[in-house]
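Open the structure in your viewer and keep the sequence panel beside it. Each stop below says what to select and what is there.

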Amino acid sequence: MADNDPITELMARCALRDQRAFAELYRQTSAKLYGVAIRILRRQDWAEEVLQESFVNIWNHIADYSTSRSAPMTWMTAIVRNRALDWLRRPNLERGDEDYDLLLEAVPDDAPGPETLLGNSRDARALADCLKQLSGNQRQTIVLAYTHGLSHGELASHLKEPLGTVKTWIRRGLDRLRGCMDGKIN
Amino acid sequence: MKYQSEPLRDALAAEYALGTLQGSARRRFERSLKDDPRLRRLVTEWQSRLAPLDALAEPVQPPARVWNTILDRIQLASGGRVSPVSLGFWDNLTFWRRTAIVSALAAILLAVSLATIAPTKQPQSMMVVVMSDERSTPGMTVSWPVQQKGEAKIRIRVMGHETMTPDQAWELWMVPGGDQKPVSLGLINTAAEQELSVPRKLMPAMNQAWGLAMSVEPAGGSPTGLPTGRIMFKGQCVKL
């Protein structure tokens, strides 16, 4: 990410405790991050809570960003995703199941896949191309796990496949993905 | 636990970034991340590889209350309720010290005014505790006695705090001072104003206590009878 990226600049000002910059950072990124949280949590009240905690966290740890070597949106999204995943994995917490089947229909394993929607940046094209190299099952499980925060167990029960099979799809899929993307970027 | 083999480290980093590393394995991995910069690097690489998938989530405008709460929380954490101002002003340390003192005083006044709303039969001294976080920012006040039909109660006002998750409980402790152990006063909630019943026999000790503390405990409260989690707020008793 280039140094003159406007989000990077806002983050640098936030590290100097500039609350106006933080307000602007929120204005520019909150809808995107809220969308990520809603996608994983599927409940507005939980997503609000997670977004709120994430931004407080972002403000408190923004000085750590400089050492993270990732793009600012990737860094912030990782905070939101981790908070959302921790939230989901609390004991005794169950998301409603009713949406899963719709979800699976939305990502059929033989469709061209979401890679066509990823955008046109170099990284997006690399990921899209590499997702195409995977088997349909590998692609579907990886995309569902990432975008909807589904666990191995949830994927297995909703795809009606054995847990071990799902784990293998994901592990082999990730392995192929890395090999393919390293080949493209390096 | 050390993750020795490079392929295993990369596979775990990948599943961590994907979100499928869960439960105790996820917590163990997060602990390893703290002092393993190379492992953090592997995670960052995976997060960057997968990041284009974030484009699949539709942006949704969050309700305004989310930002208001965030602002409340970061302003409380940085020393008081002040509206955003220019950078130079924020760097002025004298301003910060003064703000911290002013908010501590405001907290005491608030506790006193709340405590005096309850009708008292005779003038008596009152105990007030302004409890602050580790940056000395006041977060809650506790005062007693609260006159109410013979019950011993304390009044709590929470001014600002972190979010309590359902797997947490916030437990209030009397800190007697010296080398005596803290005594649990019970669990509190997130309401801005609340009252807590305290065993009557504890009141003499309360009136002599050094102060109070509030810790974050597992749901249901401390399993050991002593604080086990992080102390969020603590403060010294002041007799008024």
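Start by selecting A145(A), which sits in helix 7 (residues 136-148) of chain A. Helices (H or I, at least four residues) and strands (E, at least two) are DSSP runs, numbered from the N terminus. This is a predicted model, in which local features need pLDDT of at least 70 and side-chain atom pairs count only at pLDDT 80 or more, while totals for chains, interfaces and linings use all residues. Residues are numbered from 1 along each chain as its sequence is written, and chains are lettered from A and ligands numbered from 1 in the order in which they are written.

Is A145(A) buried or exposed? A145(A) is buried, because 23 other C-beta atoms lie within 10 Å. A residue counts as buried if 20 or more other C-beta atoms lie within 10 Å of its own, exposed if 12 or fewer, and partly exposed in between, with C-beta atoms placed from the backbone.

Now show what A145(A) touches: leaving out residues up to four places away in sequence, these are L150(A), L155(A), I170(A), L18(B), G19(B) and T20(B). Two residues are in contact if their C-beta atoms, placed from the backbone, lie within 7 Å. Draw a C-alpha to C-alpha distance from A145(A) to I170(A): it reads 9.0 Å, and the two are 25 residues apart in sequence.

Next, select the whole of chain A. Its secondary structure is nine helices and zero strands. Of its 186 residues, 40% count as buried. Among contacts in chain A with a separation of 6 or more, 63% are between residues 24 or more positions apart.

Zoom in on helix 1 (residues 6-15) and helix 2 (residues 19-41) of chain A, whose axes come within 8 Å and cross at roughly 145 degrees. Axes are lines fitted to C-alpha atoms, for helices over the stretch in contact, and angles run from 0 to 180 degrees between N-to-C directions. To see where the two helices meet, select I7(A), L10(A), M11(A), R13(A) and C14(A) in helix 1 of chain A, then A21(A), F22(A), E24(A), L25(A), Q28(A) and T29(A) in helix 2 of chain A.

Move on to the contact between the chains, which takes 37 residues from chain B and 56 residues from chain A. On the side of chain B that touches chain A, two or more residues each come from helix 1 (6-18), helix 3 (37-50), helix 4 (64-77) and helix 5 (87-90) of chain B. Helix 4 of chain B gives the largest share of that side, six residues.

Now find the sheet in chain B. It is an open sheet of eight strands in the order 5-4-7-8-1-2-3-6, with antiparallel pairing. Strands pair if DSSP finds at least two bridges between them. The edge strands are strand 5 (183-188) and strand 6 (193-197) of chain B, each pairing on one side only. From one strand to the next, the twist averages 25 degrees.

Select strand 2 (residues 138-146) of chain B: nine of its nine residues are buried, so this strand is largely enclosed by the rest of the structure. Strand 1 (residues 127-132) of chain B pairs with strand 2 of chain B in the antiparallel sense over six bridges. Look for M127(B) opposite W144(B) in strand 2 of chain B. The two strands form a hairpin with five residues between them, and S136(B) in the turn has a positive phi of about 65 degrees.

Finish with strand 3 (residues 153-158) of chain B, which runs antiparallel to strand 2 of chain B and is joined to it by five bridges. Here V142(B) stands opposite I156(B) in strand 3 of chain B.
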